[in-house]
Amino acid sequence: MVFLEDAAARTWTAVDGRKLEAEFIGTKGDKLLLLRDADRQGFALDLDKVSEGDRKWVREQMEGTEERAGRNWWSLQPIAKQQPPAAGDTDWVSNEVDAFILARLSKEKLQPSPRATPRAQVRRLYFDLIGMPPSPEEVSAFEQDPSDAAYLAIVDKLLASAHYGERWGRHWLDVARFGESDGFERNSPRNNLWPFRDWVIKAFNDDMPYDEFVRMQIAGDLLKPGAEGKAAVAFLAAGLHNTTVGGSEFMKKTARQDELEEIAGAVGQSFVGLTVNCARCHDHKYDPITQKEYYQMTSALAGVFHGDQQVQVIVDAGKLAAAQKALKGTEEKIALIDKVARGKVLEARKSAPAAAQPQAPKPYAQWEFEGNLRDSVGKLHGEASGGARVENGALVLNGGDAFVRTVAIDRDITEKTLEAWAILDNLNQRGGALISLQTTNGSNFDGIVYGERTARAWMSGSETFKRSAVHGGPAEGEADKKPVHVAIVYHADGSIARYRNGLPYDKTYKTGLAKHNKGSSQFIFGMRHGTGPGKGRMLSGKILRAQFYDRALSAAAVAASAGIESNFISDEQILAALTTGKRQERSRLKAEADKWREEVKRHNSSGKRTIYTVAARGNPGVTHLLNRGHALQPKDPVNPGSIAAVSGPSADFELEQNAPDSARRRKLAQWITHPDNPLLTRVIVNRLWHHHFGSGLIETPNDLGYNGGQPSHPGLLDWLALKLKEGGYRLKAMQRIMVGSSAYRQASTPNAAAISVDADNRLLWRKSPVRLDAESLRDSMLEVSGKLNTKMGGPGFRDVTSRSLDGTTYYTPFDKEDAELNRRTVYRFSPRGRRSAILDAFDCPDPSTAAPRRSVTTTPLQALSLLNNAFVLRMAGGLAGRLEKQSGGDVGKQVELAYALAYGRAPDAEEKGLAGELVTAHGLSALCRVLFNSNEFVVIE
């Protein structure tokens, strides 16, 4: 027989007595147990005898067949570290991307194309990164200085532009199937879904780490309760919603199963590139996803329902900004007074006699909070969140939303020492931390935590108390009156020692040692762990200094470090160093600052907003596997979980079948964003590549399974995926690498020899020309005509009328001269159904389904729309007015400016002559219509 001997060690005993370590995968019938060993090789253990048919079944499960993928499919495997190939043409190689591209071209005996012209490069950058053309002046400046430094300066400027989020937010809204009506028969409008669009745009502009971006869309309402969390998690509710459900039990339950399939499909395809929804009625036909696993995932999402939710929001942003500005100015005045006093006190300290101190150990990272959050010995600089601020040589934390996080660590950490000096606001607080080293998704951590398991005590905090112990020493009684030094040492043998003011603090104990990996772990201050503030884990007080050692300090070294004098100076000491006049001025400014602080607080909690988002149900009940997907034929109940074939994180969420919604979605978010999940980064870097190069390294951005095929450059894909993870999941840095490559900067000139080998340009022997998407085309006409309204955010503009007939809403597009209608297209109210003809003609997708890869068609309707559409005619008139205003009545100058604005270049002699004749005969608007209707305006080289 076969039985599980040790669940933690995954030890199995076979019928012949062999001891085996393996991971359970599944069963076949009641006699065959399918396992996977440490090398991800499949094998079977049987109750009596393994037949040849059984062996074949095992091979197919692991290796797949010509018709389907097995569990060893490339995208499901761990990401292997890739070494860029040695470059033959080192002059062409700008970065590692080029090394991979050049190696593949050389293998096929192809050569890359020459570099594109400066004009082509700068236009390409502008349209790719912000979705609008450069001005003539910007084109001219780069033509005069086309250096690499000038090019990268443009890249950095565009990545920092607010228009960047509008451009790349639109790409994500395609994936998120963002539509502002319900669809189906009624198609009622969703007037309150726009906060999700605004959140996406802001997240891109803020360069939110991608793993956090994903977590927020799955469980944002749990991670950050309030407006931001509710807006983010609207991803789950952005799809179709059937509000016309029949009266029978079968119709109601079927409609609910349809809805869950839509949500599970969106989550699976968007974040891990798997068509999970295809396993609703049977095991997936092409990928190693079982029907049971599909229902495990729907169980994780079973608490998700659609609906409007009321949230607290800021009402008057203008008054809030004014109060924040006044507070900042007052605090700066106080800081100037304090700076002089602190200087006097510190100088007096230096001149005072001091006892000889032992040599303090050198930390790996040190945060002194002297006016900033920088690591003074390394590169682990911090970023403030919420109300965290540096003041008077200390990090001030409010116990509510204030914390600091650093960039990801740059090496793996095992044994270590955490150390900090602090003053607490009160001794009765529970669960906050001075310093923690955590995974970037906040799930695993080691930290110096106050009062969590034992009141008034310092402890080693860790996930589910794995490396924590109940405190048995004296209670803390001084940390609210004077600085206290706390250190925790994690030894290689798994023992943990705690120190207070340089002396041992309770007994040493042994639990084990956690490993914190390079690129996927970071330090946080003021919060126990997590990605956002939460009740019971925030610290209220001041951290005066924090230090980290990449080794376990001895007791003597801790004692020596504790002797380091802090630069903290109390208010009493500052007041004593001031003159009477300055003390009075400081007191007045302090009162003024308190007033402005209250004003900021009042504006931050002054109103409510309705957001269309997830209307979660606390306990969604037990999910059953459905026989062939039939809503009224439940079979076995399932636990919330995910896909076992994906290497890395466990697909077993270790939750009860009736676990609450909050636990289910948190676990799902953790599984997807786990640092070892190979699909998370592979999927998103492929999306970025798709939008920058016209086609992904895998041609199907939403499907990295069998139907997605093999990547064109597998080594490059994994290099990019690992680079993103090591860089803290920051997308802008990844895009800088892509657009900074020579492969991206190639000319788009066709080459007959190369076309005969690689007609689709999968090997990137040139930069493929790209036709503008519908939104960029519309936005470009607005920009060139001078009519663009750059207003950001808020409810979308409506270029459709709506009418209700027999309970169904119908939408009819229109156009008129209105500044509100001249906003960027991403801010358009976007119901499912009819759109402006210009958007329809140029393949703007209907949001009824996700559009990870838009269709690119060429039809007569496009030329007709660019010639006769009411919006195009209005933009042509606007451009004509701009030309007349800026160039007067000189037709020659009008033509030159028209070409500069539309194409970024001057017309040649023939073009200038013909254009002049057209203007003279038919007016400037006619020329503008011709320019808008040209390939050079619509296609980007």
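## Terms and model

A residue is called buried when its relative accessible area is under 20%, exposed when over 50%, and partly exposed in between, using a 1.4 Å probe and protein chains only. The model is predicted: local features need pLDDT of at least 70, side-chain atom pairs count only at pLDDT 80 or more, and totals for chains, interfaces and linings use all residues. Residues are numbered from 1 along each chain as its sequence is written, and side-chain values use heavy atoms, with hydrogens and water left out.

## Salt bridges

A search of the whole structure finds 64 salt bridges, each being a side-chain nitrogen of Lys or Arg within 4 Å of a carboxyl oxygen of Asp or Glu. Lysine 912 pairs with glutamate 896 in one of them, with the closest N and O atoms 2.5 Å apart. This pair links distant parts of the chain, 16 residues apart: lysine 912 is in helix 26 (residues 909–922) and glutamate 896 in helix 25 (residues 891–903). Helices (H or I, at least four residues) and strands (E, at least two) are DSSP runs, numbered from the N terminus. Lysine 912 counts as partly exposed because its relative accessibility is 32%, and glutamate 896 is partly exposed at 34%. Elsewhere, salt bridges with shared partners join Arg119, Arg905, Glu911 and Glu936 into one network.

Aspartate 148 and arginine 115 form another salt bridge, with 3.2 Å between the closest N and O atoms. Aspartate 148 lies in helix 5 (residues 148–159) and arginine 115 in the loop between helix 2 (96–107) and helix 3 (118–130), so the pair ties together parts 33 residues apart in sequence. Aspartate 148 has a relative accessible area of 43% and is therefore partly exposed; arginine 115, at 39%, is partly exposed. A salt bridge also joins the side chains of lysine 481 and aspartate 480 (3.3 Å, N to O). Lysine 481 is exposed at 61%, while aspartate 480 is partly exposed at 31%.

Arginine 682 is found in helix 17 (residues 678–693). With a relative accessible area of 2%, arginine 682 is buried. Its side chain makes a polar contact with the side chain of aspartate 718 at 2.8 Å and reaches the backbone oxygen of serine 75 at 2.9 Å. A polar contact is a pair of N or O atoms within 3.5 Å; within protein, one must be able to donate a hydrogen and the other to accept it, and residues adjacent in sequence count only if both atoms are side-chain atoms. The C-alpha atoms of arginine 682 and glycine 273 are 8.7 Å apart, although 409 residues separate the two along the chain.

Aspartate 446 lies in strand 15 (residues 445–450). Aspartate 446 is buried because its relative accessibility is 0%. Its side chain has a polar contact of 3.1 Å with the side chain of lysine 416.

## Nonpolar core

The largest nonpolar core has 123 residues. Such a core is a set of buried Ala, Val, Leu, Ile, Met, Phe, Trp, Tyr and Cys residues joined through side-chain atoms within 4.5 Å. Those with the most contacts inside it include Trp172, Trp199, Tyr210 and Leu720. Contact means heavy atoms within 4.5 Å. Leaving aside neighbours within four places in sequence, tyrosine 210 is in contact with residues including Trp172, Phe271 and Tyr729. In soluble globular proteins, nonpolar side chains tend to be buried together.
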